[in-house]
Amino acid sequence: MSEPKKVLIIDDDPDFVSALEALFNSSGCEVRSAVNGKDGLVLAKSYGPDLILLDVMMTERTEGFFTLQEIRRSPGLARTPVIVISSIYAEQPIFRVSPEAGWLPANLFLPKPVDPGRLLEEARRLMETAPAQVGPSASGRRER
Amino acid sequence: MKICKIPKINLDLFASILPAFGELYAPVRRGKGFVFDRPARWSEVQLNYPRTILPPKKFLLPPRETTFKFDSSEGYRDTLAEATKPIVLFGVHAYDIFGMNILDRVFAEGKYKDPYYIARRKSTTIIGYDFEPDEKHFAYSMNADFVDSGFDLLLSDVGEDYLVLVGTSRGDDIILKSGCLMQEPAEADFAEYKRRSSQRRASYKSRIELGDLPEILEMEYHSEVWQEIGERCLSCGSCSAVCPTCYCFDISDEVELGSLSGSRIRSWDSCLFRSHALVAGGENFRDSRASRIKYRFYHKQRGFVAEYGRPSCVGCGRCAECCPAGIDIINVIETIRGERNELRNGSAGAPA
């Protein structure tokens with residue numbers, strides 16, 4: 001029997017984290033979580049997740065973007081798939097820079113509220129495929 | 001030059017897209033000082049900083065770098081590729097941009113072009129940010145309080161917004177990428193910019209007179225002042241390390257055990273170090289501390305003028321701030337000019 005996939009959730013909304021934990025636990029994944037980017041990065045380095053689900057607006061409204069940069073700079077995490085799940089576009093309408101514009105080094109951006117079925121499907125796909133190097137210089141290769 | 005504006009409250013959103021142009025570095029607090037470093041979150045960025053401990057030259061001329069590696073079986077392999085990693089320097093003051101423009105003249109436009117420096121300069125996006133001078137800034141006297149080149153974007157505080165001057169096509173790309181965060185400036189923004197610009201120029205507490213300084217230095221070459229400064233100078237080299245335009249370096253080869261491979265290392269040097277002018281046979285052209293610190297002043301304020309038409313000093317005040325012996329460039333120049341009877345015992349700063 002193969003090892004369960006490890007999922008790290010970095011989000012400051014406890015209800016949303018609980019819902020995601022239930023969703024991924026029921027799919028046979030092991031789940032851990034952190035409530036801010038700093039703790040999330042520390043946990044990511046020790047936990048070595050197969051997938052990171054990352055919020056943006058936490059202690060600060062752009063915290064997830066900066067955390068994502070740190071994740072991509074960390075040698076052990078640079079290739080770890082990251083799905084950014086955020087309502088920033090709904091809550092900050094002035095911020096009209098599309099996540100598809102090649103600036104966000106995530107594998108996928110999903111707006112909140114997220115469809116659980118789609119999230120699970122995308123998560124499985126990302127965890128099963130060999131992770132590709134993702135970063136600012138390779139942003140054009142982001143998953144869609 | 002294209003000019004936009006961005007509301008201050010949206011600067012964090014603007015900064016979020018900058019990593020698309022390279023790894024983001026900005027002024028953050030470290031102990032009692034400020035350094036250009038990677039912010040873990042936007043609130044770490046301290047834009048109202050007086051000056052950073054080290055100038056941004058550390059990104060263009062790293063304190064220590066491997067220029068190439070050699071191996072008896074594979075030959076030479078340069079490390080130029082490592083120098084092309086794109087970075088974004090956010091919040092750089094005008095005098096530091098001016099300092100990089102001066103380094104350009106030495107390393108990118110001079111007779112001996114430095115491929116490592118040029119590669120880093122091309123890979124570096126510079127976003128300038130205006131500043132309020134403190135008691136040690138004298139950039140206005142050095143004509144380095146404003147720059148019209150050497151940056152991609154330059155942000156100026158006009159109250160609720162920043163005016164954004166676009167300096168390059170890359171800067172324009174950033175503006176395009178930032179979408180609706182940028183706005184059209186109004187006449188009132190320009191009026192506020194001019195008001196603050198005049199106010200800032202008037203607020204400089206430290207000033208020196210540049211006119212005929214090279215000539216006066218020529219006249220005072222044998223002044224006792226240099227001996228007096230030499231007796232105080234510790235030859236620690238801090239002033240060189242923190243100077244935006246000090247560029248002396250040393251080269252050494254580090255050979256692996258077995259002598260079959262190794263690396264060529266370039267590292268910062270200082271004309272304050274006794275070894276700087278030491279040559280084979282044990283001769284030293286600047287053996288005394290007085291001769292070394294005098295050389296530093298003459299190179300900055302006279303020799304560079306003859307070679308490049310202006311002093312290489314940009315008036316950042318770092319050398320005065322960090323000198324553990326309290327040697328202050330303003331006091332030295334005023335003493336040499338005869339405007340001051342003796343060197344004041346300035347308060348010693350912390351070594352860099």
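Reader: What covers the buried residues of α5(B)?

Author: The cover includes β1 (3-7), α1 (11-17), β7 (124-129), β8 (153-157) and β9 (161-166) of chain B. Helices (H or I, at least four residues) and strands (E, at least two) are DSSP runs numbered from the N terminus. Some ground rules: this is a predicted model, where local features need pLDDT of at least 70 and side-chain atom pairs count only at pLDDT 80 or more, while totals for chains, interfaces and linings use all residues. Residues are numbered from 1 along each chain as its sequence is written, chains are lettered from A and ligands numbered from 1 in the order written, and side-chain values use heavy atoms, with hydrogens and water left out.

Reader: Which residues of helix α5 in chain B are buried, and what puts them on the same side?

Author: In α5 (residues 169-177), they are G171(B), I174(B) and I175(B). Buried means under 20% relative accessible area, exposed over 50%, and partly exposed in between (1.4 Å probe, protein chains only). These three cover an arc of only 100° around the axis, so they share one side of α5(B); the arc is that of the directions from the helix axis to the C-beta atoms. S169(B) and L176(B) are exposed on the other side. After the helix comes G179(B), with a positive phi near 55°.

Reader: What makes β1(B) largely enclosed?

Author: Four of its five residues are buried, so the rest of the structure largely encloses β1(B). Five bridges join β1(B) to β9(B), and the two run antiparallel. Two strands pair if DSSP finds at least two bridges between them, so five is enough for the name. K5(B) has L163(B) in β9(B) as its bridge partner.

Reader: How do you know that both faces of β3(A) are covered?

Author: Look at each side: L51(A) and L53(A) on one, I52(A) and L54(A) on the other, all buried. Strand β1 (residues 6-10) of chain A runs parallel to β3(A), joined by four bridges. Strand β4 (residues 82-86) of chain A also pairs with β3(A) in the parallel sense, over three bridges. I52(A) stands opposite L8(A), and I52(A) also stands opposite V82(A) in β4(A).

Reader: Why is the pair E65(B) and R266(B) called a salt bridge?

Author: The rule wants a side-chain nitrogen of Lys or Arg within 4 Å of a carboxyl oxygen of Asp or Glu. E65(B) and R266(B) come in at 2.8 Å, N to O, so the pair qualifies. E65(B) lies in strand β4 (residues 64-71) of chain B and R266(B) in strand β11 (residues 261-268) of chain B, so parts 201 residues apart in sequence are tied together. E65(B) counts as buried at 5% relative accessibility, and R266(B) does too at 6%.

Reader: What makes K2(B) and D172(B) a salt bridge, and are they buried or partly exposed?

Author: Their side chains meet at 2.8 Å, N to O. K2(B) sits in the segment before β1 of chain B and D172(B) in helix α5 of chain B, 170 residues apart. K2(B) is partly exposed at 39%, and D172(B) is partly exposed at 24%.

Reader: Which residue meets K112(A) in a salt bridge?

Author: D55(A), at 3.4 Å, N to O. K112(A) lies in the loop between β5 (108-111) and α5 (116-128) of chain A, and D55(A) in the loop between β3 (51-54) and α3 (63-73) of chain A, so the pair ties parts 57 residues apart in sequence. D55(A) is buried at 3%. Over all chains there are 34 salt bridges; E70(A), R73(A), E23(B), R38(B) and K85(B) are linked in a network of them.

Technical notes. Contact means heavy atoms within 4.5 Å.
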